[in-house]
Amino acid sequence: MADQPPNPQNRIKLRDGRYLAYKERGIPKDDAKFTIVLVHGFGSSKDMNFNVSQEFVEETGIYFVLYDRAGYGESDPNPKRSLKSEASDVQELADGLQIGSRFYLIGISMGSYTVWSCLKHIPQR
């Protein structure tokens with residue numbers, strides 16, 4: 001069976017022409033009290049297992065965005081990848097999904113480098 005192309009509805013086109021694949025979990029973003037972007041580590045993807053009970057998510061009002069970092073899963077690679085480009089990717093993802101001017105980040109393992117980059121390069125978000 002041939003590989004299926006990624007669903008274009010679950011990808012954001014970035015300014016440089018690359019695409020980032022993402023997945024949404026939790027409550028609808030328009031109803032959320034908290035928006036959290038989850039950043040996976042090395043050897044993982046947006047499909048990682050992030051154990052949190054649905055009851056907690058609903059009671060707390062959390063909307064999650066998980067995405068494939070550049071070159072992982074269904075996201076295009078970035079030959080010019082840097083810590084700064086990681087923050088830029090997160091910012092463009094947030095803008096493309098219209099999740100608002102402020103959000104939280106959780107970095108899993110190597111994903112913490114992306115979180116650090118966001119704190120350094122886009123602290124206003």
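A pocket, as I use the word, is an open set of points on a 1 Å grid over the protein atoms alone where a 1.4 Å probe fits, with protein on both sides within 12 Å along at least five of seven lines. My volumes are the space filled by probe spheres set on the points, which are joined across faces, edges and corners.

**Ground rules.** I am working with a predicted model, where local features need pLDDT of at least 70, side-chain atom pairs count only at pLDDT 80 or more, and totals for chains, interfaces and linings use all residues. I number residues from 1 along each chain as its sequence is written, and side-chain values use heavy atoms, with hydrogens and water left out.

**Confidence.** I looked up pLDDT (the predictor's confidence in each residue, from 0 to 100) and found a chain average of 93, with 94% of the residues at 70 or above. Residues 1-6 stay under 50. I keep in mind that where pLDDT is low, the predicted coordinates should not be read in detail.

**Largest pocket.** I get a volume of about 160 Å³. Its lining (residues with an atom within 4 Å of a point) includes Arg102, Phe103, Tyr104, Cys118 and Arg125. Strand 5 (104-107) and helix 3 (111-121) each give two or more residues; both are DSSP runs (helices H or I, at least four residues; strands E, at least two). Helix 3 gives the most, with three.

**Record check.** UniProt, in an unreviewed entry, puts "domain: AB hydrolase-1" at residues 35-124; such annotations may be inferred rather than shown by experiment. I find the end C-alpha atoms of that span 15 Å apart, with 37% helix and 17% strand.

Definitions and conventions
Contact = heavy atoms within 4.5 Å.
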